[in-house]
2 protein chains.
Amino acid sequence: MVAALEAVDRLRSAGFTPARPVDEPVTGAGSAPPDRRWFAGHALLPDGPAAGVLLVARDGRFTEVRTGAEAGDAHRLPGVVLPGLVNAHSHAFHRTLRGRTHAGSGDFWTWRDGMYAIAAQLDPDSYLALARAAYAEMALAGVTCVGEFHYLHHAPGGARYTEPNAMAAALTEAAADAGLRLTLLDTCYLAGGLGPGGAAPVEGVQRRFSDGCADAWADRVADLADLPYRRVGVAAHSVRAVPREALRTVAEVAGGRPLHVHLSEQPAENDACLAAHGLTPTGLLAVEGLLGTATTAVHATHLTGPDVDALGGAGVTVCLCPTTERDLADGIGPARALAEAGARLALGSDQHAVVDPFEEARGLEAHERLASGRRGRFTPTELLAALTNHTCLGWPDAGRLAVGARADLVAVRTDSVRTAGADPAQVLFAATASDVDTVVVDGREVVRGGRHRLGEVAALLTAAIEPLWQAAR
Amino acid sequence: MVAALEAVDRLRSAGFTPARPVDEPVTGAGSAPPDRRWFAGHALLPDGPAAGVLLVARDGRFTEVRTGAEAGDAHRLPGVVLPGLVNAHSHAFHRTLRGRTHAGSGDFWTWRDGMYAIAAQLDPDSYLALARAAYAEMALAGVTCVGEFHYLHHAPGGARYTEPNAMAAALTEAAADAGLRLTLLDTCYLAGGLGPGGAAPVEGVQRRFSDGCADAWADRVADLADLPYRRVGVAAHSVRAVPREALRTVAEVAGGRPLHVHLSEQPAENDACLAAHGLTPTGLLAVEGLLGTATTAVHATHLTGPDVDALGGAGVTVCLCPTTERDLADGIGPARALAEAGARLALGSDQHAVVDPFEEARGLEAHERLASGRRGRFTPTELLAALTNHTCLGWPDAGRLAVGARADLVAVRTDSVRTAGADPAQVLFAATASDVDTVVVDGREVVRGGRHRLGEVAALLTAAIEPLWQAAR
């Protein structure tokens, strides 16, 4: 982390506003922390839309949420106020790929070649700069907690960094600077694929992803501890990248913490898993003990009926990533059927082709409509539940405007050309990330007036991304 | 139009900036009009992306487009400059429906009940105010020409207005105020549906849509003339709303002008047409002489192989409306197959659930990816061609940054959090309507710095929409 901290110093000396870590005390010792008070003309409360809502927070928690109130001395928020939104599936470094993978044939391999070219370049310094900017973009879009599915662990060639979790430390520092909570989903990635003869060895840049064996992965993860603004969870990259015998290790290491896994994103994964194990990927995860209420299956696009029943019956969360699933031509997963079978839903921006939770929510509903030929597949309330599923990242005390909950909120303008004329209760169907005005995380304003406390986030993105593409050429 | 003009006066007295009609002379008589000069760091020219582009216009046409140039005294545009974008399919009054049709069951009937409730309220005054705001929102998104598929012709109950084209006049005035060109697609709508016994009569609010018979429709259309900023085209609403014998009249009245038609948006239309005529809707249009190079088929979602061949072979334009087609659960049309069969493509926002040409272009590509399981279905160049297909609206001299073409341009910021890091040549895959900085139509700036010359467009939208919903309750 020395290198990463030096990078922060360089940014500070270049004029960027230093960010408070989220867990920094608000006031000096000796003085009682003041209440924070906000007034919302409209807000989406657990019981539904409400007008004239006073929200009071102390020490990062809501202590009062009152409807039909007067503004008084509270800070007036514009538009309609939502709970803090979650981005349940992020690969921060994929932010580099936006608007870079559609030239030439623009096929899957164009995309993957680009992704690997960037993965080959990153070090803890450059990853900190990139992730800070990517997370700040998320905060501007209303995200108060991100789940980072983190597999870029090691130096080029697979060598350990002196600090083996240097990359995880960079991500943690990035989230603190960007002002959102992080669930670090440390990802086990041991194989380059799943063939008829079993797991293929990792190759090329994949060596950076692999700890060599499940026990070495578990040892490294054991050094990661929870922090006030960071939870540690685990992930199995996929049944392609984690051999069968290692899947059980992942479940054991999880020990009830969030356990995420890419599941059946492409039909080829299903074919390979059936050929190697005689089971669907869902079936394999079930047999190896990976399905439970702390589990989040990401994508879950190509499922059988029994797969749907197994995921629903186990009470897993299924994280859809609609803007990625359409960009990567994955297809449309059975989200409505999963919900009816008992699964909870969440949403993630995954490769960040788009960072806009509203667009992900509309994508969830729209893809269902395209697949079913029917409107009204999820209610606005159900979509908001998916957007605020902080539980799947290990923060069950977040995601609602209610006394005792973490004091996260997102004020969405209703006076933009996009939102003008819409019913505030249906704002998810009109707003975009551009309409987010104020974002509060654990009682602290990270975004106000559409500006992030770090300043010019677009400049941070450009500064982080351009050198990576220049080096990749 | 007196009432409509009075509405403009009221707005002006309320502080709104009066807009110049697009055809108003730039300078007084006697002085030679000055050149307009812009400089673009990046621009998408007919031959591809270029750097350092000087664009010079006089009398609304480009007189010079030079690459590798210096800015000199030209106005520097930010980001990347595109040709003017087209919105080839608009129902202006549907803008009221955004964020209003997803409550309760949120099904198709929720949507249609809302649409009819609004249609029942409008008069020339309120339609002028609504369409002006809706068109200004389009201009802010980079649209320089809109095709209005106009069927709300008559007073409640179907009575003619004193000026029979009062509603068309309101739309024309709205486009002039908003600063974009209009193709008024005057729509023939005579039947309430297509049953086994033939055409059903119009009912309720549909009476406002109907001229009673094709000849009466044709007589009214004959009174509409082209203007410098308005072309007149025609439309057959659909094979459901236009009886077979009237379809030929529509083709005759078109006489080579743009002829648009809703085609096979839902499977039910195909079923009814097959039952009534023994032909698919495409087959019926072919037999009745409606397919040709001046024809635009809108949606074209549920087609047979022979339908695709017929549309492609006739050289029609197919206008996809991806954000509407997913909102209304229409399904995914065979856009790639149509292009390969010889059809040209265009894009429209239709019901304006979203007004963002970039999102429509991404939707075209993304829906193809979801349906095919493959990336890279349309190149960025092909998507830009669909976004700039002014020919299908009767303006073949627009839609490209080239000498002699109409001087339309759209500058898209590349320094937003959405576009930062993207290749300017792939900006369509990163930008949103929020990133449009400058819009020039026929040589005149309508939008600069993301501000429309009318001022607060969101306020215009709210002022136009809220009273309609209050009256509809």
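## Close-up views of a two-chain predicted model

**View 1. Four acidic residues make a patch of negative charge on the surface.** Glu163(A), Asp215(A), Asp219(A) and Asp223(A) are the ones that gather here. A patch takes residues with over 30% relative accessible area and no salt bridge, and joins like charges within 9 Å (nonpolar side chains, meaning Val, Leu, Ile, Met, Phe, Trp and Tyr, are joined within 5 Å). On the charge side, Lys and Arg count as positive and Asp and Glu as negative, while His and the chain ends are not counted. Each charge is placed at NZ of Lys, CZ of Arg, CG of Asp or CD of Glu. Asp215(A), one of the four, sits in helix H5 (residues 214-222) of chain A. Helices (H or I, at least four residues) and strands (E, at least two) are DSSP runs, numbered from the N terminus. With a relative accessible area of 52%, Asp215(A) is exposed. Here buried is under 20% relative accessible area, exposed is over 50%, and partly exposed is in between (1.4 Å probe, protein chains only). The areas themselves come from the Shrake-Rupley method with a 1.4 Å probe, and for residues only the protein chains shown count as cover.

A quick note on the bookkeeping: this is a predicted model, where local features need pLDDT of at least 70 and side-chain atom pairs count only at pLDDT 80 or more, while totals for chains, interfaces and linings use all residues. Residues are numbered from 1 along each chain as its sequence is written, chains are lettered from A and ligands numbered from 1 in the order in which they are written, and side-chain values use heavy atoms, with hydrogens and water left out.

**View 2. Chain B goes onto chain A by a turn of 180°.** The shift along the axis is 0.0 Å and the RMSD is 0.0 Å. That is how a two-fold axis relates two copies. In chain B, Ser434(B) has the C-alpha nearest the axis, at 3.5 Å from it.

**View 3. Asp350 has a positive phi in chain A and in chain B.** Asp350(A) is not a glycine, yet its phi is about 55°. It is found in the loop between strand S14 (344-347) and helix H12 (357-372) of chain A, and at 4% relative accessibility it counts as buried. Over in chain B, Asp350(B) also has a phi of about 55° without being a glycine. Its loop runs between strand S14 (344-347) and helix H12 (357-372) of chain B, and Asp350(B) is buried too, with a relative accessible area of 4%.

**View 4. Asp397(B) makes salt bridges with Arg61(B) and Arg406(B).** A salt bridge needs a side-chain nitrogen of Lys or Arg within 4 Å of a carboxyl oxygen of Asp or Glu. The N to O distance between Asp397(B) and Arg61(B) is 2.9 Å. Asp397(B) lies in the loop between helix H13 (380-387) and strand S15 (409-412) of chain B and Arg61(B) in strand S3 (residues 61-66), so this pair ties together parts that are 336 residues apart in sequence. Asp397(B) is buried at 19% relative accessibility, whereas Arg61(B) is partly exposed at 30%. For Arg406(B) and Asp397(B), the closest N and O atoms are 3.2 Å apart, and both residues are buried. In chain A, salt bridges with shared partners link Arg61(A), Arg181(A), Asp397(A), Arg406(A), Asp408(A) and Asp442(A) into one network. A search of the whole structure gives 64 salt bridges over all chains.

**View 5. Arg160(B) and Asp211(B) join two loops through a salt bridge.** Their closest N and O atoms are 3.3 Å apart. Arg160(B) lies in the loop between strand S6 (143-150) and helix H4 (166-178) of chain B and Asp211(B) in the loop between strand S9 (198-200) and helix H5 (214-222), so the contact ties together parts 51 residues apart in sequence. Arg160(B) is partly exposed at 40% relative accessibility, but Asp211(B) is buried at 5%.

Note on methods: Copies are superposed by least squares on the C-alpha atoms of residues with pLDDT of at least 70 in both.
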